[in-house]
Amino acid sequence: MRRVGFTTTIPLEVLVAAGVAPIDLNNIFITHPEKASLIEDAELTGFPRNVCAWIKGIYGSVVASGITEMVAVTEGDCSYTKALMEVLSLNGVRVYPFAYPGTREAAPLKAEIEKLMSYFGVGWDEVNAAKKRLDRIRVKVHEIDRLTWQENRVTGEENHYFQVCTSDMNGDLDAFEAEVDAFLAKAVQRPERKEPIRLAFLGVPPIVSGLYDFLEEIGARVVFNETQRQFSMPYGIEDLVEQYRAYSYPYDIFHRIGDISGELQKRKVDGVIHYVQSFCFRQIEDMVLRKSIKLPILTLEGDKPGNVDARTKIRLEGFLELLEDRN
């Protein structure tokens with residue numbers, strides 16, 4: 001099957017309607033057994049050291065996987081994406097640009113979606129049919145999320161995994177839906193988890209491993225994964241354009257905060273971890289979050305892939321002690 005990569009969540013319905021295998025290049029990178037070597041290869045090619053590791057990992061993933069077509073999100077995501085497009089184009093990769101309008105207006109967003117549809121030769125009937133197929137899976141992933149925060153039967157890592165996978169459905173809708181079904185059948189039978197501290201994870205998915213497991217070892221659990229939940233299109237909106245207007249990740253921080261605030265209250269969150277990526281413009285948003293959210297916030301910065309380090313563990317332990325004293 002023809003494979004098409006993309007740099008961040010796009011209107012997945014278009015690729016599904018076109019009958020191609022959608023590949024989120026972030027997921028290819030972070031699950032690669034030699035992900036550190038992908039970054040090294042990008043740096044040997046000429047990528048600067050002080051460029052986000054995700055961009056270098058995406059470049060390495062495209063080269064290593066042999067993907068020859070990709071959609072690059074030029075507005076609403078990483079500011080390095082345009083340069084990445086140019087480098088990959090020189091390497092013979094066919095790149096289709098897609099831009100989320102900064103204004104969140106419906107008309108320009110619809111025009112961008114229709115431009116993407118024209119690239120892949122599909123119309124609205126096929127796209128809307130694909131949306132129904134995708135929404136059937138998304139509803140099940142929303143149930144996994146509910147079991148996380150409301151019934152306390154799902155770990156933070158499991159919640160992260162299934163929601164982040166909805167960006168591309170692991171490239172195979174039928175196989176991923178079967179995996180979701182199998183997990184749900186087991187999860188509903190589990191006993192309630194008892195971690196006393198409830199956390200929110202804001203920001204981009206982490207490049208480091210072991211964070212969720214360590215938190216559960218020391219008595220906390222993530223019950224809200226902000227960006228990962230957004231990948232699952234959590235609002236149940238039927239209109240495709242409105243669905244991607246409501247999707248908060250590509251737009252301004254204030255639109256995100258509106259969603260975050262309601263979820264923090266609903267999920268009875270005690271404290272917030274804000275994860276930021278080294279050399280990413282989104283680090284600046286930490287100032288806005290701290291002024292807008294009235295809960296204790298710990299900001300963690302990640303650089304390259306690897307296990308959570310000792311310094312971060314010490315900071316997390318101190319943060320949980322603070323939350324315990326508050327409770």
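**View 1. Aromatic pairs, 14 of them by the rule used here**. Rings of Phe, Tyr and Trp (its six-membered ring) pair if their centres lie within 6.5 Å, with planes under 30 degrees apart called stacked, over 60 edge-to-face and the rest tilted. One of the pairs brings together Phe29 and Trp54, an edge-to-face arrangement with 5.3 Å centre to centre and 80 degrees between the planes. These two come from distant parts of the chain, 25 residues apart: Phe29 sits in helix H2 (residues 25–30) and Trp54 in helix H4 (residues 53–65). Helices (H or I, at least four residues) and strands (E, at least two) are DSSP runs, numbered from the N terminus. A word on the model: it is predicted, so local features need pLDDT of at least 70 and side-chain atom pairs pLDDT 80 or more, while totals for chains, interfaces and linings use all residues. Residues are numbered from 1 along each chain as its sequence is written, and side-chain values use heavy atoms, leaving out hydrogens and water.

**View 2. An open, parallel sheet of 4 strands**. The order across the sheet is S2-S1-S3-S4, where two strands pair if DSSP finds at least two bridges between them. S2 (21–24) and S4 (94–99) are the edge strands, each with a single partner, so one side of each has no neighbour in the sheet. On average, neighbouring strands are turned by 25 degrees against each other, direction ignored.

**View 3. Strands S3 and S4, with helix H5 packed on the sheet**. S3 (residues 69–75) runs parallel to S4 and is joined to S4 by 6 bridges. Glu69 stands opposite Arg94 in S4. Helix H5 (residues 81–90) touches both S3 and S4, and its direction makes about 155 degrees with that of S3. Contact here means heavy atoms within 4.5 Å; axes are lines fitted to C-alpha atoms, for helices over the stretch in contact, and angles run from 0 to 180 degrees between N-to-C directions.

**View 4. Helix H7 (residues 124–149) against helix H8 (residues 156–165)**. Their axes come within 10 Å and cross at roughly 160 degrees, which means H7 is roughly antiparallel to H8 (angles over 145 degrees count as roughly antiparallel, under 35 as roughly parallel, 65 to 115 as roughly perpendicular and the rest as oblique). H7 brings Val141, Ile144, Asp145 and Thr148 to the contact, and H8 brings Asn159, Phe162 and Gln163.

**View 5. H7 packed with helix H9 (residues 173–187)**. The angle is about 30 degrees, with the axes 10 Å apart, so H7 is roughly parallel to H9. Contact residues include Leu134 and Ile137 of H7 and Phe176 and Val180 of H9.
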